[in-house]
Amino acid sequence: MLEKSGIFCYNNSMKKEVNYQELSKEELIKLLLKKEDDFNKKIEEYEAKFKAMQIKINEQLKEIEALKEKNILARVRQFCPKSEHSIDNNEFNEVESVTQKRGRKQGSKNFDYDYLERHVSKEIILESKEEVCSTCGETLISIGEDITYKLDYEPSKLIVTKVISKKKACPKCNKIYQEIKDDVFPHSICTPSLVSAIMTNKFLVGIPYYRQSEYFFDKGIKLSRQDLCNYQLRATELLEPLYQRLKIHLLNTKSKCLCADETTLRVLDVNDKNKCYMWVYVSSYYDQPIYYYEFQKSRSKENPKAILKGFKGYLLTDAYQGYNDIENVKNCYCWAHARRKFYEIVKTLKPEQLKESKAYGMIQRMDKLFHIEEMMRKNKYLPHQIREERNKESYLVLLKDVKKYAEDINAIPESALGKANNYLLKHWQEFTTYLEDGHIEMTNNISERAIKPFVIARKNFLFNATTDGASSSAIIFSLQQTARANLLDSEKYIAKVLELIKPNMSNDELDNLLPWNIAKSYMLS
C-alpha cells in the first residue's frame, strides 16, 4: 500500500520512498491504476468472504428450522393422538365430536350382540303384573319386548386333579401292569389349559411371567418364572409343526397377495446391542386369515427372501428396501405410510394455516382416493369390480392430480415436506401397482395392526433372554392371532390343540387342527 507524505510516497511493500515530482505522467497513471487494482482486489476479497458468510448463515438457519420442525414433529408424535382420519376444518375440536351427551344410552355400537346371544348363561324375564289398564280398565296386550345384555365377571379358578395310576404285578413272572395317562406334559403339574392361560396372559393381556408367578403364589401354588418359561417352550415345541403348516398355507393363498411388516426386539444373548427383529406376514382380506410371525436376528433382506421362497404374487409393505428384489414378487407400497408423512406436518399447524398448507392440500387429494376405497369396501365390491373401478377415467384423474400436485410442490429437500414429497414421487410406480389387481389393498394397515399386539406386549416383557424364547414367542403369536382373526377364543383354541396334537402327525392331520378347520368340530368361539 502507498502512503503519502508531502511530495513523497512510501511504498510499504517495496520499503522504498517514491518522489512524485520525479515521476513522469505515465508512471503516475500506472501507479494510480495499480493502487485502484489493489483496492478492487480487496473489495472482491471482502465480497467473497461476505458471500461465504451468507451461505454459512443460510445453512445454519436451515439447520435451525429443520431442528425446530423436528422438535415440533417429535412433540406431536409423543403427545397428539396417533389416529389418522380425514381432516376437515370443523374437526379440530375433536372432543366435541366424541363427547357423550347427557341422557343418552351408554351402550356401544361395537358390541357383537350375536356373540352375546350365543353365550347367554341365564335369562331374567321382567314382566308387569298388571293385567288391565289402571286408567281405563282395558285388558293389556303384548306389544313386544326390550332386550338388554349384562356381563358378570367370575374370577378364574384353579382346578386340582389327582391322577392315581394303580399298578399290578404278576406274582409268578414279576411283570408289572400300569395304565399310563397320555400326557404332553409328563411328570409335571402343567396341563394344556394351564399353559394356554399363562401364554394368553403374557402375550395378549401383557402380564410377564414373574407377575404371574406372584399371582400363583398368592393362590398357594409355587410356580417360578422359570417353570412358566419351560411350560411355554414345551408347548411351542409341540406346536411347531402346526406353525410350519401356517406358513405353507400363507404362501399358497388364492389371491396371491401378502402384507408384511417388522419391528425391533431385544434379545440379550445375541450381540452387544441386543437388537433383533420380529417379522409378520399376513394374508389378504380376501383369503383365510393367517398371521405368520417370524423371529430373526437382523433386518437383512435375506430374511423375507427366505420366507417368501416359492411365493409368486404381490407383497404390500412400506418402502423398506429389504422387501425388494425377491424372485417372482412384485412390490406394492402402502398409501397410509405416504399420507402419514404429510399428516404429521398438518398436526403441527394451526387451523388458520391449513388453507396455505401444501401438506393439507396433499391430504385432501389423497382422501378422495381413500373415500372411493371405503365406498367399495362398504358396498362389498368383488376384486374384479374393484379393479374396474380403479381403472376408470374418473379414478385415474384423481390419481394423476395427486402426482401433479406433488410435482408442483417446491419444498426444501431436507424439510419434512420435502422428505414426504420425495418419498411419494420416488416410489410412484410401486404406489400405483395396486391398480393391477383388486385383491391388493391400498394400505398395509392389516399387517401394521398385526404387529401392534406384539409391540404392546413387548412394553411389558421388554426383551427376550434367548433366541429360543424369541422363536417360541413367534410361534405363540402366530397361532393366537390367527385364531383371533378366525373369530376363535385363542386360549381355548391353543388348549384344545395341545390336547389333540401328537408327534409325527401327517400334513392332513395337522391341517385339521388349523383354526378354520378345527372350529367345525369344536365350539371354540
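Start by selecting K496 and E499: both sit in helix α16 (residues 490–500), three residues apart, about one turn of the helix. Helices (H or I, at least four residues) and strands (E, at least two) are DSSP runs, numbered from the N terminus. K496 forms a salt bridge with E499, and their closest N and O atoms are 3.2 Å apart. A salt bridge here is a side-chain nitrogen of Lys or Arg within 4 Å of a carboxyl oxygen of Asp or Glu. E499 is partly exposed because its relative accessible area is 44%. The cut-offs are: buried under 20% relative accessible area, exposed over 50%, partly exposed in between (1.4 Å probe, protein chains only).

Before moving on, some notes on what you are viewing. The model is predicted, so local features need pLDDT of at least 70 and side-chain atom pairs count only at pLDDT 80 or more, while totals for chains, interfaces and linings use all residues. Residues are numbered from 1 along each chain as its sequence is written, and side-chain values use heavy atoms, leaving out hydrogens and water.

By the salt-bridge rule, the count comes to 15. Select E237 and R234, whose closest N and O atoms are 3.4 Å apart in another salt bridge. Both belong to helix α6, and because they are three residues apart, about one helical turn separates them. E237 is exposed, at 53% relative accessible area, whereas R234 is partly exposed at 28%.

Now pick R339 and D367, a salt bridge with its closest N and O atoms 2.8 Å apart. This pair links distant parts of the chain: R339 is in helix α8 (residues 335–346) and D367 in helix α9, 28 residues away. Are they buried or exposed? R339 is buried, with 5% relative accessible area, and D367 is buried at 6%.

Beyond residues up to four places away in sequence, M366 touches W335, A338, R339, F342, V402 and L424; contact means heavy atoms within 4.5 Å. Draw a distance from M366 to W335: their C-alpha atoms are 8.5 Å apart, although 31 residues separate them along the chain.

Then highlight W335 and L424, which touch the most other members of the largest nonpolar core, a set of 110 residues. The largest share of this core, ten residues, comes from helix α6 (residues 225–251). Such a core is a set of buried Ala, Val, Leu, Ile, Met, Phe, Trp, Tyr and Cys residues joined through side-chain atoms within 4.5 Å. Leaving aside neighbours within four places in sequence, L424 has contacts including W335, M362, M366 and F431.

**Across the strands**

Select strand β6 (residues 257–267), where nine of the eleven residues are buried. Which strand runs antiparallel to β6? Strand β7 (residues 275–283) does, joined to β6 by nine bridges, and T263 stands opposite M278 in β7. β6 also pairs with strand β9 (residues 313–317), in the parallel sense over three bridges; there, L258 stands opposite L315. Two strands pair if DSSP finds at least two bridges between them.

**Last stop: a surface patch**

Finally, go to I64 in helix α1 (residues 25–79). I64 is partly exposed because its relative accessibility is 44%. With M53, I57 and L61, I64 makes a nonpolar surface patch of about 380 Å². Patch residues have over 30% relative accessible area and no salt bridge; like charges are joined within 9 Å, nonpolar side chains (Val, Leu, Ile, Met, Phe, Trp, Tyr) within 5 Å. Accessible areas come from the Shrake-Rupley method with a 1.4 Å probe, and for residues only the protein chains shown count as cover.
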